[in-house]
Amino acid sequence: MKWVYIEDISTYDGQDVEIRGWVYNKRSSGKVRFLLVRDGTGIIQTTIFSEKKNHPLFAQFDQLTQESSLILRGTVRQEPRAPGGYEINVKEIDIIQIAEDYPITPKEHSVPFLMKHRHLWLRSRKQHAILQVRTEIVRAIRDFFDGRGFRLMDTPILTPSACEGTTTLFETQYFDQKAYLSQSGQLYNEATAMAFGKVYCFGPTFRAEKSKTRRHLIEFWMVEPEVAFAVLDDIVVLGEELILFIIERVLERRRQELEILERDTKPLERITRPFPRLKYDDAIQKLKNHGSSIEWGDDFGAPEETLLSKIYDSPVCVTHFPAKIKAFYMQPDEDNPEVVLGVDILASEGYGEIIGGGQRIHDPELLERKIKEFDLPREAYEWYLDLRKYGSVPHSGFGLGLERTVAWICKLPHIRQTIPFPRLLYRIYP
Ligand code: 4AD
Ligand code: MG
């Protein structure tokens with residue numbers, strides 16, 4: 001008999017197949033036993049029917065506990081009353097292991113309990129749906145950039161210098177010298193962009209952030225495009241197009257998962273380009289009008305981002321931030337050097353920043369001055385300064401946080417559910 005996956009079951013109507021999986025749930029009703037089996041790609045209802053009370057399949061059924069592993073053979077049948085529209089009439093069961101008392105039962109569990117059992121929690125329906133959406137978004141991101149001629153250029157994880165400020169660096173020992181876990185691949189992207197024109201990197205990044213919020217992870221994945229000769233406006237458009245591409249892809253391929261998550265998709269379906277754009281100055285004014293006590297020069301905190309993204313019924317692009325609150329590499333505005341050509345794109349429905357980026361300094365003297373002003377060790381940035389000596393050009397890029405995007409698309413209350421094994425301020429287990 002052919003081993004098949006539940007997600008493909010509709011192509012086997014009427015045929016005998018083999019399913020390899022785990023017991024999700026079971027119940028009996030008179031002469032019928034219902035066994036819900038999951039195989040990683042889906043859940044299917046399987047049925048055992050017999051007039052005889054002592055049928056050997058009934059005895060096997062009685063033995064099976066939640067999450068017991070098995071191989072099951074039977075006939076696929078269309079059944080409108082079954083979840084998914086198909087069921088399997090069981091002919092044979094090979095039990096592989098009878099599971100011990102499974103700690104995660106259909107009753108409610110506390111978050112700390114579930115986090116401690118994350119290795120098992122992943123099997124639950126909602127967690128499974130979230131991670132299916134995550135892999136779809138990863139694929140969409142790759143398709144988006146690959147389809148537009150971007151070259152994937154992996155950037156190092158062990159680095160000798162900071163990209164996003166020295167306060168959130170993870171320090172480690174690199175033989176007899178110090179190294180840091182990458183906060184962003186950007187600086188290396190700038191080098192590969194000068195070699196390949198349009199590039200992107202997509203990998204794990206690390207921030208020793210002492211923030212315990214619903215949108216901060218210590219280890220998260222970021223996709224970062226970088227484009228030679230692009231200016232701020234080009235990169236804002238690229239960011240909008242990427243976000244729309246992701247939304248359309250998930251709506252097209254992962255409706256079922258969004259349904260499991262009870263995600264109302266209308267707010268996502270409404271989103272169109274261009275997103276509203278406002279300069280930092282205007283954003284401050286808007287926030288004040290809505291009762292915020294923020295002052296010019298302050299960075300947005302979560303409450304300000306949430307407020308802004310609630311004022312508009314769409315993602316919002318904020319540009320022209322005060323230089324003081326942004327990274328050393330940001331290109332100052334020609335008309336007002338107090339502000340820089342950076343952009344943050346805030347997701348809608350109160351989810352806040354998902355993209356951060358902008359135009360980079362291409363003038364060697366200015367960059368050198370900024371490195372001094374930010375008190376960064378020049379030696380570590382010698383190679384980065386080189387990029388400005390040999391055919392320097394304006395260039396721009398951004399980073400999109402994968403987990404924040406997943407949280408928004410799935411409308412989750414917390415970022416901890418968006419990655420298989422979240423690293424949080426006080427959690428590195430399991
Ligand atoms: O705004 P950030 O810090 O920008 C950079 O790192 C740039 N060097 C990227 C670039 O221009 N190539 O981070 C970019 C995005 C944020 O908008 C957010 O989505 C995500 O990365 N992010 C986090 N996600 C989860 N947990 C954290 N602690 C995050 N910090 C940033
Ligand atoms: Mg940012």
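Begin by selecting Phe 229, which counts as exposed at 62% relative accessibility; here buried means under 20% relative accessible area, exposed over 50%, and partly exposed in between, with a 1.4 Å probe and protein chains only. Phe 229 sits in the loop between S12 and H6. Helices (H or I, at least four residues) and strands (E, at least two) are DSSP runs, numbered from the N terminus. The phi of Phe 229 is near 75 degrees, a positive value in a residue other than glycine.

This is a predicted model, in which local features need pLDDT of at least 70 and side-chain atom pairs count only at pLDDT 80 or more, while totals for chains, interfaces and linings use all residues. Residues are numbered from 1 along each chain as its sequence is written, chains are lettered from A and ligands numbered from 1 in the order in which they are written, and side-chain values use heavy atoms, with hydrogens and water left out.

Next, select Phe 175, in the loop between S9 and strand S10 (177–181). Phe 175 also has a positive phi, of about 55 degrees, although it is not a glycine. Its relative accessible area is 72%, so Phe 175 is exposed. Together with Leu 158, Tyr 174 and Phe 175 make a nonpolar surface patch with about 370 Å² of accessible area. Patches are made of residues with over 30% relative accessible area and no salt bridge, like charges being joined within 9 Å and nonpolar side chains (Val, Leu, Ile, Met, Phe, Trp, Tyr) within 5 Å. A salt bridge is a side-chain nitrogen of Lys or Arg within 4 Å of a carboxyl oxygen of Asp or Glu. Accessible areas come from the Shrake-Rupley method with a 1.4 Å probe, and for residues only the protein chains shown count as cover.

Centre the view on Ile 243: not counting residues up to four places away in sequence, it touches Phe 275, Ile 345, Ile 354, Ile 355, Leu 400 and Trp 408.

Pro 364 is the next stop, in helix H11 (residues 364–373). Pro 364 is partly exposed, at 24% relative accessibility. Leaving aside neighbours within four places in sequence, Pro 364 is in contact (heavy atoms within 4.5 Å) with Leu 385 and Arg 388. A distance drawn between the C-alpha atoms of Pro 364 and Thr 405, 41 residues apart along the chain, spans 35 Å.

Two peptide bonds deserve a selection. The bond from Arg 273 to Pro 274 is cis, with omega near -10 degrees, and Pro 274 lies in the loop between helix H8 (266–269) and strand S13 (277–279). Another cis bond joins Tyr 429 and Pro 430, with omega about -5 degrees; Pro 430 is in the segment after H13.
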